[in-house]
Amino acid sequence: MNVLVWYENRPLPEHAEAERRVYPNGIHGELSALFAAQPGIQARAATMQDAQQGLSDEALAWADVLVYFSHKHWREIDDGRVDAIQRRVLEGMGLVALHSAHASKIFQRLMGTRTHQIHWRENDEWQRVWVVNPAHPIAAGLTDESFMIPRDETYGEYFEIPQPEEQVFLTTAQGGEAFRSGCCWRRGRGKIFYFSAGHETCSVYHQREVRAILVNAVRWAAN
Ligand code: ZN
């Protein structure tokens, strides 16, 4: 299975150092190493700074699953690349959209709603991730009914998404918010999973439960 990990890789100047401290090799480096360490998975990292914004037809044709993390610069992705990703998803490529990729052009395109519309606060507060579908393959290995993320950005409802075909996780926050944090859809032959945890300056992707979810998610999304 081939996994392409794509990251915008252009933090705001005030966040760059904090992000480097948490992920010295970038989020793309951290996650591609995680996937490459799994049996049967080959992983590549790509960024917006690469040729064709790291999303060439060749790279997308190679990928069985695209893991996509964008943030502030989501509007700068060329519409032709959005068309190309959508085409590959409809053909059967899996898409795992992470955290602020809720606002990305490709996620909005595939959902058909204004998915950038959420309630959010950058506050480094705790979040509790509830496993609301324990039999789902993406929840495999999570034995507790919930787990804590000590520090992350808070996302809250209303999140303008079509009703998920499968809801796997629901997150409640220190501030009382609730958020549909782990959701599955199908478009054409492709499977899509959105997972909300992972603000760039919090070390969420080092956490055992989150890493298990991400590995489960790419295995589920692959055709
Ligand atoms: Zn964030």
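This is a predicted model: local features need pLDDT of at least 70, side-chain atom pairs count only at pLDDT 80 or more; totals for chains, interfaces and linings use all residues.
View 1. Three residues supply donor atoms to the zinc ion: His 99 through NE2, Glu 153 through OE and His 199 through ND1. Their distances from the ion run from 2.0 to 2.1 Å. Along the chain, the donor residues follow the spacing H-x53-E-x45-H. His 99 sits in the loop between strand E4 (94-98) and helix H5 (105-111), while Glu 153 belongs to strand E6, so this pair ties together parts that lie 54 residues apart in sequence. Both His 99 and Glu 153 are buried.

**View 2. The largest pocket.** This pocket holds about 250 Å³ of space. Its lining is made up of 13 residues. Closest to the pocket centre are His 71, Lys 72, His 102, Ala 103 and Trp 120. Two elements, E5 and E6, each give two or more residues to the lining. Sorted by class, the pocket lining has five nonpolar, four polar and four charged residues.

**View 3. The largest cavity.** The count of cavities of 30 Å³ or more comes to two. The largest has a volume of about 90 Å³. Its lining consists of 13 residues, and those closest to the centre are Gln 127, Asp 152, Thr 171, Ser 196 and Ala 197. Three strands each supply at least two lining residues: E5 (119-131), E6 (146-156) and E8 (178-187). Strand E6 contributes the largest share, with four residues. By class, the lining of the largest cavity has six nonpolar, five polar and two charged residues.

**View 4. The second largest cavity.** About 40 Å³ of space lies here. The residues that line this cavity are Pro 11, Leu 12, His 15, Glu 19, His 71, Glu 200 and Thr 201. Two of these lining residues are nonpolar, three are polar and two are charged. His 71 lines this second largest cavity and is also among the residues closest to the centre of the largest pocket.

**View 5. Strand E6 across the sites.** In the largest cavity, E6 provides four lining residues.

Conventions. Residues are numbered from 1 along each chain as its sequence is written. Side-chain values use heavy atoms; hydrogens and water are left out. On a 1 Å grid over the protein atoms alone, a cavity is a set of points where a 1.4 Å probe fits but cannot get out, and a pocket is an open set with protein on both sides within 12 Å along at least five of seven lines; lining residues have an atom within 4 Å of a point. Grid points are joined across faces, edges and corners, and a volume is the space filled by probe spheres set on the points. Ala, Val, Leu, Ile, Met, Phe, Trp, Tyr, Cys and Pro count as nonpolar, Asp, Glu, Lys and Arg as charged, and the others, Gly among them, as polar. Donors are N, O and S atoms within 2.8 Å of the metal (3.2 Å for Na, K and Ca); water is not among the atoms, so sites may look incomplete. Buried means under 20% relative accessible area, exposed over 50%, partly exposed in between (1.4 Å probe, protein chains only).
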